[in-house]
Amino acid sequence: MRINAFADVSLRAMMVLAAAADGELLTTQSIADAVGTPYNHVSKTMAKLRELGMIDVERGRNGGARLSTAGRAATVGRLLRTLDTRTDPADCVTATGTCPLVNECRLRAALSRAREAFYRELDDIVVATLPTSRQMSPVFEAIGLRPDL
């Protein structure tokens, strides 16, 4: 299975926030730099993560974001289910419209079950437990921060 780009950036942003020192606020720009993604994409991601209650945001000159209590407990499976905006695991559309095989399609049903199995496999993995100091140290050093892992 493949996750969409928005979910990918969201997971990477959550990992960076999880690796930050306790209570440290990270700006959207520093997160964008850390995950190697344009600021505009990360900004949209941060807005969605805030809407979902995954992050707490403080505005102002010394503001930034940190993982919320819910964000520290969020699993990869739960987050992906929430961020996956595709209603259908297959693109059941052709150049001329809907696929003529779409009615009672057993392939679509099988793909839906496979997608749910994929998410279920990730339900026990807490996003905040994924980053390691070996992984994050060079990232934080590159953006001028020190990780506290």
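Q: Is Tyr119 buried or exposed?

A: Buried means under 20% relative accessible area, exposed means over 50%, and partly exposed lies in between (1.4 Å probe, protein chains only). Tyr119 is buried, because its relative accessible area is 6%. Before going further, note that this is a predicted model, in which local features need pLDDT of at least 70 and side-chain atom pairs count only at pLDDT 80 or more, while totals for chains, interfaces and linings use all residues. Residues are numbered from 1 along each chain as its sequence is written, and side-chain values use heavy atoms, with hydrogens and water left out.

Q: Which residue forms an aromatic pair with Tyr119?

A: Rings of Phe, Tyr and Trp (its six-membered ring) pair if their centres lie within 6.5 Å; planes under 30 degrees apart count as stacked, over 60 as edge-to-face and the rest as tilted. The count here is one aromatic pair. Phe118 and Tyr119 form this pair, with 5.8 Å from centre to centre and 50° between the planes, and it is tilted. Phe118 is partly exposed, because its relative accessibility is 25%.

Q: How many salt bridges does the model hold?

A: A salt bridge is a side-chain nitrogen of Lys or Arg within 4 Å of a carboxyl oxygen of Asp or Glu. By this rule there are six salt bridges. One of them joins Glu116 to Arg81, with the closest N and O atoms 2.7 Å apart. The pair links distant parts of the chain, as Glu116 is in helix H6 (residues 106-122) and Arg81 in helix H5 (residues 76-83), 35 residues apart. Such helices (H or I, at least four residues) and strands (E, at least two) are DSSP runs, numbered from the N terminus.

Q: Where does Asp84 lie, and which residue does it meet in a salt bridge?

A: Asp84 lies in the loop between H5 and E3. The salt bridge of Asp84 is with Arg115, at 3.5 Å from N to O. Arg115 is in helix H6, so this pair ties together parts that are 31 residues apart in sequence. Both residues are buried.

Q: Which residues are in contact with Asp84?

A: Contact means heavy atoms within 4.5 Å. Leaving aside neighbours within four places in sequence, Asp84 is in contact with Asn4, Arg115 and Tyr119. Asp84 counts as buried because its relative accessible area is 13%.

Q: Which residues of helix H3 are buried, and which are exposed?

A: The expected span of a helix is 1.5 Å times one less than its number of residues. Helix H3 (residues 39-51) has 13 residues and reaches 18 Å from its first C-alpha to its last, close to the 18 Å expected. Its buried residues are Val42, Thr45, Met46 and Leu49. They cover an arc of only 100° around the axis, taken from the directions from the helix axis to the C-beta atoms, which puts them on the same side of H3. On the other side, Asn40, Lys44 and Glu51 are exposed. The buried residues pack against helix H1 (5-19), helix H2 (28-35), E1, E2 and H5.

Q: In what sense do strands E1 and E2 pair?

A: Two strands pair if DSSP finds at least two bridges between them. Strand E1 (residues 55-58) and strand E2 (residues 64-67) pair in the antiparallel sense over four bridges. Glu58 stands opposite Gly64 in E2, and Asp56 stands opposite Arg66. The two strands form a hairpin with five residues between them, and Gly60 in the turn has a positive phi of about 110°.
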